[in-house]
Amino acid sequence: MSSLSQANALHAFQGMLFSTTSSEELLRSLDTFDAREDDVFLVSYPKSGTHWVAEIIENIPSAKITLTSPIELGDISKLEELKMYSKRRVIPTHLSYNLLPLNVKQKQCKMIYVVRNPKDTAVSLFHYYRDNPCLPSVETWAAFLELFLQGDVVYGSWFDHVLSWEEHKNDKNVLIIFYEEMKKDLSENIKKITTFLSISLSDSDISKIVEKVSFNEMKTNAVKEKCDTSHTICALTSNRSLVFRKGVVGDWINYFTPRQKKAFDELFTEKMKHSKLALHLVDYSM
Ligand code: A3P
């Protein structure tokens, strides 16, 4: 990857790389965001299953919510735009915990953090880098993996991001959802999400949501919908057809050489040695 393409697509803010779709002025002003007590933040490191969880929330029949575009997407006018919604706001973001607006924390807004095993996340982000014109170009998987391990990618190090949320995993306003556990038992995870949002659903409502948020259903709809900017969940693109690639657990095996796996596992073991969240992930990435 040339440093030119890297420089064109990304910029650093407080030591973290952001897409130029997030203006520096907006990032600097996030602490002036006027949070409401009933706001819900849908947070993740990119490629962890954010669109999937967003689709679940949008399909809860009695939710009375507005799913907004990401808080860090666009320019300073975003903060005014967010004031215009009268319904309960569900606000997606890829921010790490420390960069979240101050009064989101003070008002103890509900936050759902979605985590996915880092090897599949890296592979998914590699494809995003290749296909998404808002991200720098990258020549090879090996070159990308190097950047990922160094945290030299958009939204920084996966490890630091997850660890920033790990510290808050027991906060009563934080729910952690795992991509792999959604794949295993989606109904159970839909229940977790609705209970957390204090919404009760019948089993038949849950079954309907399960059908609506299947990978195939979402992928087919995304191709039809393509660039509806009012339905943007990830600050890195409004083109949903870039999002739905394979939707499986364990695709990393097709990418990592034994040497790359070893280097990754060493870093994982070192960085995540005190992490309880990591215990949910080792089975899928070791
Ligand atoms: P892959 O690239 O591995 O296929 P995000 O929404 O955070 O950008 O994450 C995108 C990843 O979630 C992609 O992973 C995408 O295919 C996967 N995904 C999106 N919707 C899904 C669904 N309904 N079921 C399973 N995986 C889904």
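A residue counts as buried under 20% relative accessible area, as exposed over 50%, and as partly exposed in between. The structure shown above is a predicted model. Valine 210 has a relative accessibility of 26%, so this residue is classed as partly exposed. Valine 210 sits in helix 11, which covers residues 203-212. Apart from residues up to four places away in sequence, valine 210 touches Leu186, Ser187 and Ile190. Between the C-alpha atoms of valine 210 and proline 136 there are 35 Å in space, and the two residues are 74 apart in sequence.

Five strands make up an open sheet, with parallel pairing and the order 4-5-3-6-7. At its edges are strand 4, residues 65-67, and strand 7, residues 174-178, each of which pairs on one side only. From one strand to the next, the twist averages 20 degrees.

Strand 6 spans residues 110-115 and pairs with strand 7 in the parallel sense over five bridges. Methionine 111 has valine 174 of strand 7 as its bridge partner. Packed on the sheet is helix 10, residues 186-196, which touches strand 6 and strand 7 and whose direction makes about 170 degrees with that of strand 7. Strand 6 also pairs with strand 3, residues 40-44, again in the parallel sense and over five bridges. Here phenylalanine 41 stands opposite methionine 111 of strand 6. Why is strand 6 described as largely enclosed by the rest of the structure? The reason is that five of its six residues are buried.

Two lysines in loops have backbone angles worth checking. Lysine 47, in the loop between strand 3 and helix 3, is not a glycine but has a positive phi of about 75 degrees. Lysine 64 is in the loop between helix 3 and strand 4, and this residue, also not a glycine, has a positive phi of about 50 degrees. Their accessibilities fall in separate classes. Lysine 47 has a relative accessibility of 11%, so it counts as buried. Lysine 64 has a relative accessible area of 66% and is therefore exposed.

Two further residues can be described by their contacts. Phenylalanine 159 belongs to helix 8, residues 158-166. Its relative accessible area is 1%, so phenylalanine 159 is buried. With neighbours within four places in sequence left aside, phenylalanine 159 is in contact with Phe264, Leu267, Phe268, Lys271 and Met272. Phenylalanine 148 is eleven residues away from phenylalanine 159 in sequence, with 9.9 Å between the two C-alpha atoms. Threonine 232 lies in the loop between helix 12 and helix 13, the latter being residues 258-271. Because its relative accessible area is 3%, threonine 232 is also buried.

The largest pocket has a volume of about 370 Å³. Its lining consists of 22 residues, and the closest to the pocket centre are Gly49, Tyr179, Val243, Phe244 and Gly247. Helix 3 (50-58), helix 9 (179-184) and helix 12 (215-225) each supply at least two residues of this lining. Helix 3 gives the most, with three residues. Sorted by class, the lining of the largest pocket holds nine nonpolar, eight polar and five charged residues.

How many cavities of 30 Å³ or more does a search of the whole structure find? The search finds one. The largest cavity has a volume of about 30 Å³. Its lining is made up of Val40, Ile57, Ala63, Ile65, Arg88, Val90, Leu197 and Ile199. In this lining, seven residues are nonpolar, none is polar and one is charged.

Conventions
Residues numbered from 1 in each chain as written. Predicted model: local features only at pLDDT ≥ 70, side-chain atom pairs only at ≥ 80, totals over all residues. Heavy atoms only, no water. Pairing = 2+ DSSP bridges. Helix = DSSP H or I, 4+ residues; strand = E, 2+ residues; numbered from the N terminus. Axes fitted to C-alpha atoms, helices over the stretch in contact; angles between N-to-C directions. Contact = heavy atoms within 4.5 Å. Buried < 20%, exposed > 50% of the residue type's maximum accessible area, 1.4 Å probe, protein only. 1 Å grid on protein atoms, 1.4 Å probe; cavity = no way out; pocket = protein on both sides within 12 Å on 5 of 7 lines; lining within 4 Å. Points joined across faces, edges and corners; volume = space filled by probe spheres on them. Nonpolar A, V, L, I, M, F, W, Y, C, P; charged D, E, K, R; others polar.
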